[in-house]
Amino acid sequence: MISTASVPADQPVRIAFSLDHASDDTPPEDDTPLVFPELDQQLQPLPPCHDSMESMQVFKQHCQIAEEYREVKKEIALLEERKKELIAKLDQAEKEKLDAAQLAREFEALTEENRTLKLAQSQCVEQLEKLRIQYQKRQGSS
């Protein structure tokens with residue numbers, strides 16, 4: 001008779017199996033417990049019927065699939081983290097691009113202002129020179 005026990009989903013399940021044709025009285029040589037606490041309860045491998053080789057093989061396959069599922073979930077988590085990093089880098093690059101565009105506009109405005117001020121300074125120098133000449137002419141005629 002096979003008994004089944006219900007295990008809460010938040011507790012790890014320890015399962016040991018062997019595909020050897022040993023009797024039920026002999027403890028299995030490979031007593032490695034398999035734990036899949038990250039799996040939903042309905043996805044947990046069910047204990048096999050030790051009298052059935054097919055049941056043992058199905059259980060082993062289910063455990064392998066559960067392990068593959070765990071690896072895939074781990075890889076997905078790593079890829080999602082990498083995605084977040086890349087999005088942050090992209091956001092930073094876009095911000096820097098906008099900052100560079102703003103700086104280029106400011107540079108253009110300041111360059112234009114500088115050109116205007118140099119022109120005004122040149123005109124003032126010319127006007128000052130004309131005033132000096134006029135002053136000297138007045139000084140010389142008086």
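Does Glu 85 count as buried, partly exposed or exposed, and what is its relative accessibility? At 39% relative accessibility, Glu 85 counts as partly exposed, where buried means under 20% relative accessible area, exposed over 50% and partly exposed in between (1.4 Å probe, protein chains only).

This is a predicted model, in which local features need pLDDT of at least 70 and side-chain atom pairs count only at pLDDT 80 or more, while totals for chains, interfaces and linings use all residues. Residues are numbered from 1 along each chain as its sequence is written, and side-chain values use heavy atoms, with hydrogens and water left out.

Of its 142 residues, 9% count as buried.

Six salt bridges are found in the whole structure, each a side-chain nitrogen of Lys or Arg within 4 Å of a carboxyl oxygen of Asp or Glu.

| Pair | Closest N and O atoms |
|---|---|
| Arg 82 and Glu 85 | 3.6 Å |
| Arg 115 and Glu 112 | 2.6 Å |
| Glu 129 and Arg 132 | 3.7 Å |

Arg 82 and Glu 85 are three residues apart in helix 1 (residues 53–141), so about one helical turn separates them, and Arg 82 is partly exposed, with a relative accessible area of 39%. Arg 115 and Glu 112 also stand three residues apart in helix 1; Arg 115 is partly exposed at 48%, as is Glu 112 at 38%.

Methods: Helices (H or I, at least four residues) and strands (E, at least two) are DSSP runs, numbered from the N terminus.
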